[in-house]
Amino acid sequence: MIGLVAATAAGSAAAQRLADAWPDRTRRYDEGPVRTAVARAFADCDQLVCFLAAGATVRLVAPLLRDKAADPGVVCVDEAGRFAVALLGGHGGGANDLAAEVAGLLGDGCTPVVTTATDAVGIPGLDSVGWPVEGAVAAVTRAVLDGDPVALRADATWPLPTLPPHVGVRGVATDVRLYVTDRRLPLAAREAVLRPPSLAVGVGASRGVAGDEVLGLIHDALDGAGLSPRSVAALATVDAKAGEPGLLAAADRLGVPLRTFPAAELAAVDVPTPSAAPLAAVGTPSVAEAAALTAAGPGAELLVRKRKSTPADRPAMATCAVARRRPRGRLAVVGLGPGARDLLTPRARTELRRASVVVGLDQYVAQIRDLLRPGTRVLESGLGAEEERARTAVAEARAGHAVALVGSGDAGVYAMASPALAEAGADIDVAGVPGVTAALAAAALLGAPLGHDHVSVSLSDLHTPWEVIERRVRAAAEADLVVTFYNPRSRARRRQLPEALALLAKHRVPGTPVGVVRNASRPDEHVLLTTLAELDPETVDMMTVVTVGNSATREIAGRMVTPRGYRWQT
């Protein structure tokens with residue numbers, strides 16, 4: 001929850017804009033003195049936005065500070081709404097991202113201000129990777145910022161963001177080290193360790209087991225194997241134990257989910273120490289070992305075999321085992337929108353900064369190259385290599401990297417998501433990042449042509465037989481749907497658009513409005529509103545989107561409008 005605190009009428013109005021935009025994320029703190037409101041919001045919320053002077057905010061927040069890991073992120077907005085300053089908890093509290101969001105909502109006149117050193121120079125902070133970090137974080141970060149050699153010691157390739165070239169340099173003596181491991185390590189004065197989410201703990205339990213017994217057993221098992229509990233990604237058990245309070249309590253205290261699996265699925269897992277007792281009780285000869293291996297996924301390694309808890313005064317009520325998952329790369333399929341920078345979503349920006357490898361069509365990569373961290377590996381290719389780019393992106397993710405596969409518009413609409421996901425298996429993590437599609441960008445320029453039911457059809461027959469495209473256009477025409485044509489015409493494909501328009505003309509009057517938009521949102525955008533009878537296909541190319549109205553679409557004040565069609569509007 002984001003707490004909103006304001007002291008003046010202007011601040012209160014700005015706070016209300018955020019409250020209206022984020023009704024489920026925000027809470028106003030308006031009652032009583034400002035000092036009391038800030039204290040209440042600080043205690044209640046994960047983040048704060050204070051519409052106050054920076055000095056006043058500092059004085060009000062300072063007595064409330066407890067710990068960097070626990071304090072909420074604080075953003076301060078000035079009286080005129082010119083700046084949204086990430087004042088506290090830039091990484092851990094999410095204030096840096098929140099400042100950007102607040103500035104975006106308050107309008108072009110508001111600038112986000114981020115002073116975190118790593119962000120200022122485009123270097124990923126150790127506390128912004130999203131994994132627990134321990135040790136001399138400040139000393140290692142200072143070395144990274146100063147350009148001093150930093151040794152990188154990773155047990156495996158994990159999907160980290162791009163690090164500067166002096167991190168991980170070989171053959172240079174240095175006492176500054178960054179480890180990426182789930183193993184317990186004695187750390188020296190200038191060493192830190194990132195804890196990847198590499199461990200899954202399987203747990204079996206009797207009814208009524210106490211959370212303390214489960215948690216103590218887990219810690220004993222991890223300690224005995226020299227493993228860190230901060231790398232535990234999940235507890236796992238059989239479905240029959242999904243509601244066991246002791247297991248839920250242990251998962252909650254570890255800060256991880258409790259995953260459950262059917263007994264039949266666990267029974268099929270080959271384990272070293274099966275037992276008749278769980279087979280009789282819940283239908284599988286193994287709970288702890290089988291659940292650990294299943295939760296860890298394909299290629300998992302069992303590090304700790306089943307062991308029992310050891311209460312002094314009664315029989316054991318819990319068992320656990322620990323498995324290490326194979327490192328999983330991450331593939332983000334990112335839609336860049338129609339081209340304008342302000343239509344690139346914040347989530348897309350975040351994924352581009354998170355990636356260590358970016359794959360894409362050369363002209364799309366050129367649009368966002370300045371947003372990439374220095375040193376990001378870019379794999380670009382020309383037109384017509386979609387399948388090759390998809391295979392390359394998946395292969396890089398399988399190698400353990402953080403990959404962003406970029407495309408224009410929305411990645412799932414005639415773009416890279418489909419070929420990429422056809423290549424990707426369950427061995428990598430995949431994230432889809434939506435973008436503003438060409439149809440939506442064109443529609444916004446035309447007016448409201450998509451106000452009722454509509455369909456998009458690609459006229460490219462490079463991947464789809466023309467007979468199939470023709471059948472779909474005919475169906476859309478008979479159903480009286482507004483139709484947006486993608487890939488309408490190229491130098492080699494000149495007949496498809498006229499034939500598609502002829503099919504529509506059998507079910508549309510000649511005066512049906514047609515919108516033609518070229519390079520929507522780009523500097524050379526061109527918008528034409530014409531009719532079905534007057535449209536000249538020779539004016540259309542591959543950079544154009546053509547939207548044909550239905551029988552209800554009208555031109556109103558120079559705009560293309562399709563009524564929503566509700567009875568109360570007639």
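Predicted model: local features only at pLDDT ≥ 70, side-chain atom pairs only at ≥ 80, totals over all residues.
**Helix packing**

Two packed helices are described by the angle between their axes and the distance between the axes. The table gives both values for each pair.

| Helix pair | Residues | Axis angle | Axis distance |
|---|---|---|---|
| α7 and α8 | 211-225 and 245-254 | about 55° | 7 Å |
| α17 and α18 | 466-478 and 496-505 | about 30° | 9 Å |

Take α7 and α8 to begin with. Their axes pack at about 55°. The pair is therefore oblique, since an angle counts as roughly parallel under 35 degrees and as roughly perpendicular from 65 to 115. The crossing of α7 with α8 is right-handed. On the α7 side, the contact uses G211, D212, V214, L215, I218 and H219. On the α8 side, the contact uses G246, L247, A249, A250, R253 and L254. By class, the residues of this contact are seven nonpolar, three polar and two charged.

Now α17 and α18. What is the angle between α17 and α18? The axes of α17 and α18 meet at about 30°. Angles under 35 degrees count as roughly parallel, so α17 and α18 are roughly parallel to each other. Their crossing is right-handed. Helix α17 contributes W466, E470, V473, R474 and A477 to the contact. Helix α18 contributes Q496, E499, A500, L503 and L504. Six residues of this contact are nonpolar, one is polar and three are charged.

The spacing of such contact residues has a simple background. An α-helix has 3.6 residues a turn, so residues three or four places apart point the same way.

**Helix α16**

Helix α16 spans residues 438-446. Which residues of α16 are buried? They are A439, A441, A442, A443 and L446. After α16 comes G447. The phi of G447 is positive, near 140°.

**Cysteines**

How many disulfides does a search of the whole structure find? The search finds zero. C110 is in no disulfide. The nearest cysteine sulfur to that of C110 belongs to C76, 11 Å away. A disulfide needs the two sulfur atoms within 2.5 Å.

Is C110 buried or exposed? C110 has a relative accessible area of 6%. Buried means under 20%, so C110 is buried. C320 has a relative accessibility of 0%, and therefore counts as buried too.

Key
Residues numbered from 1 in each chain as written. Heavy atoms only, no water. Buried < 20%, exposed > 50% of the residue type's maximum accessible area, 1.4 Å probe, protein only. Helix = DSSP H or I, 4+ residues; strand = E, 2+ residues; numbered from the N terminus. Axes fitted to C-alpha atoms, helices over the stretch in contact; angles between N-to-C directions. Parallel < 35°, antiparallel > 145°, perpendicular 65-115°, else oblique. Left-handed = near helix turned anticlockwise from the far one by under 90°. Contact = heavy atoms within 4.5 Å. Nonpolar A, V, L, I, M, F, W, Y, C, P; charged D, E, K, R; others polar.
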